[in-house]
Amino acid sequence: MTEQIKQNDRMADQSQAVVEESHQLAEAAKELVERDAEARRELIAAQQELTSQLNEQQSAIYKGHDRLEQDRREIADQRHRDPIVAAVIQNFGLLVACLFPLFVSLFVIRQMQSQEPDHAAVAELLTLELTSEEPQLLPSPHLRPGKLTHDEKEAHHALLAGESTADVEPPF
């Protein structure tokens with residue numbers, strides 16, 4: 001019986017040791033599960049952060065692409081519009097260049113019809129000078145296309161000499 005009691009005590013001690021080890025094992029397992037859960041939370045947080053950074057980068061890329069596409073469209077519109085504007089400016093300049101002699105001629109004609117003798121004389125002199133093959137006052141005679149008639153030359157010389165040109169008809 002003593003031996004049975006000793007054996008029961010040993011079994012109780014072993015049982016107690018197994019219970020304590022089980023308890024320690026359960027505590028270790030519980031701690032392992034908590035650490036695993038914490039690691040998973042950290043992993044999920046890191047993954048969410050990476051995903052948000054990736055989304056931000058993609059958003060920046062999309063915005064850059066949109067700006068680039070908008071710039072491309074503006075450049076294409078400008079390439080289409082610039083030749084039109086250049087043609088308008090060129091045609092306007094050509095129109096002004098063509099109308100300028102007309103305005104000068106109208107001014108000269110108006111001055112020739114003026115009642116003041118000085119204005120009429122200057123206008124007639126300018127008309128003769130512009131139509132003369134060999135101008136006396138203006139340079140570049142090779143730019144003048146037509147020749148003066150004999151009457152026009154006489155009127156020009158008479159005007160230069162200070163004589164009256166009332167009896168000579170204007171050359172136009």
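Here's a quick look at the salt bridges and a nonpolar surface patch in this predicted model.

The structure has four salt bridges in total. As background, oppositely charged side chains can pair when their charged atoms come close.

One of the four joins arginine 35 to glutamate 31, with 2.7 Å between the closest N and O atoms. These two sit four residues apart in helix 1, so about one helical turn separates them. On the solvent side of things, arginine 35 is exposed at 57% relative accessible area, while glutamate 31 comes out as partly exposed at 38%.

## The network around glutamate 69

Glu69, Arg72 and Arg73 are tied together in a salt-bridge network. Arginine 72 meets glutamate 69 at 2.6 Å, N to O, and that pair is three residues apart in helix 1, about one turn of the helix. Arginine 73 also bridges to glutamate 69, with the closest N and O atoms 3.7 Å apart; here the spacing is four residues, again about one helical turn.

How accessible is glutamate 69? Its relative accessible area is 23%, so glutamate 69 counts as partly exposed. Arginine 72 is partly exposed too, at 47%.

## A nonpolar patch

Further along, Phe92, Leu95, Val96, Leu99, Leu102, Phe103 and Leu106 make up a nonpolar surface patch of about 670 Å². Leucine 106, one of the patch members, belongs to helix 1, which spans residues 2–112. With 46% relative accessibility, leucine 106 is partly exposed, and that clears the over 30% cut-off for patch residues.

How values were computed: Residues are numbered from 1 along each chain as its sequence is written. This is a predicted model: local features need pLDDT of at least 70, side-chain atom pairs count only at pLDDT 80 or more; totals for chains, interfaces and linings use all residues. Side-chain values use heavy atoms; hydrogens and water are left out. Patches are made of residues with over 30% relative accessible area and no salt bridge: like charges are joined within 9 Å, nonpolar side chains (Val, Leu, Ile, Met, Phe, Trp, Tyr) within 5 Å. Accessible areas come from the Shrake-Rupley method with a 1.4 Å probe; for residues, only the protein chains shown count as cover. A salt bridge is a side-chain nitrogen of Lys or Arg within 4 Å of a carboxyl oxygen of Asp or Glu. Buried means under 20% relative accessible area, exposed over 50%, partly exposed in between (1.4 Å probe, protein chains only).
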